[in-house]
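Thank you all for coming.

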Amino acid sequence: MLGSPLARDRPVRLGRGRRYVRALVAAAAAACVPSGLAQPALPVVSGFDLSAEGWTIPASVEWRGAGGNPGGYLHGPIPDPHNTVAAARAPAAYLGDWSTLDGRALIGFDHRIFDAGTVNFIIPYKVVLSGPGGRAQWDGPTAGGATPWTRLVAPVHASAWAVQSGTWAGLLANVTDLTIQIEIVDNVCCVEDQAGLDNAVLTCRADFNADGGLDTLDVLAFLNAFNAADSRADFTGDGELDSLDFLAFLNEFNAGC
Ligand SMILES: [Ca+2]
Ligand SMILES: [Ca+2]
Ligand SMILES: [Ca+2]
């Protein structure tokens, strides 16, 4: 139990105290050594309306100027003889030191399966983060076949990811690769499935609907999640949903991204 300074029954030994403070300061300084890597400036938004906006796409993916949600989007796989697994890698604005984003940010994107083809199996929606310190994969729900444009949200929080190598903290210290899977259908035969990716965003978690902006829709989305006992509404991270979560959400909402 913490006592009042007035309640001390013996004088504080300043020499030991100063050494202790110096040790604390040194430890704090060591923990806060800047990595030299830039942190992404949130929100980072890709609407793909005029181009692929710097995303790295393989030959099995192409930018299309119409048909997205709305406007331009990334489409894959385009028919080719190799049946490659179509995915898109985020540009530099998304990458760098994510340490301060841990538990405080979201990755959002819209996905659509235009045509599932003859389905062998469908894998869950998938996002992969990797860097020198590790690799982690987020698996979302699994589509049942062709879909309309569907919003997916992956919280930047260890509990939502499978760490496949290294450590979560080590990975976040230097994220060099953010890949969003576009092709999630394995076909019986050839390249038959057709899918799209639009409206990718890396944003703060108060942007609850992950659209890159803060407005009343985020408050409504938070309240809906809260009422549905969705763990995403647990802003205090204590495993409980109560008024403190709402206050924490409002504080972060008012602070902005
Ligand atoms: Ca678009
Ligand atoms: Ca929003
Ligand atoms: Ca809570």
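Let me start with Ala160, which, not counting residues up to four places away in sequence, touches Trp138, Ala154 and Pro155, where two residues are in contact if their C-beta atoms, placed from the backbone, lie within 7 Å. Residues are numbered from 1 along each chain as its sequence is written, while chains are lettered from A and ligands numbered from 1 in the order in which they are written. What we are looking at is a predicted model, in which local features need pLDDT of at least 70 and side-chain atom pairs count only at pLDDT 80 or more, whereas totals for chains, interfaces and linings use all residues.

Ala160 sits in the loop between strand E9 (150-155) and strand E10 (162-166), and its C-alpha is 9.2 Å from that of Gly140, a residue 20 positions away in sequence. Is Ala160 buried, exposed or partly exposed? Ala160 counts as partly exposed, because it has 18 C-beta neighbours inside 10 Å; a residue is buried with 20 or more other C-beta atoms within 10 Å of its own, exposed with 12 or fewer, and partly exposed in between, with C-beta atoms placed from the backbone.

Turning to the whole protein chain, its secondary structure comes to four helices and 13 strands, both being DSSP runs numbered from the N terminus, helices (H or I) of at least four residues and strands (E) of at least two. Strand E11 (residues 177-181) pairs in the antiparallel sense with strand E4 (residues 87-89) over three bridges, and strand E7 (residues 126-131) pairs with E11, also in the antiparallel sense, over four bridges; pairing requires that DSSP finds at least two bridges between two strands. Within E11, Gln181 is the bridge partner of Ala87, and Ile180 stands opposite Val127.

Ile180 is also among the residues with the most contacts inside the largest nonpolar core, which has 52 residues; such a core is a set of buried Ala, Val, Leu, Ile, Met, Phe, Trp, Tyr and Cys residues joined through C-beta atoms within 7 Å. Strand E13 (residues 194-204) gives the most to this core, with six residues.

Finally, a word on confidence: pLDDT, the predictor's confidence in each residue from 0 to 100, averages 87 over the protein chain, and 84% of the residues score at least 70. Over residues 1-18, however, the pLDDT is below 50, and where pLDDT is low, the predicted coordinates should not be read in detail.
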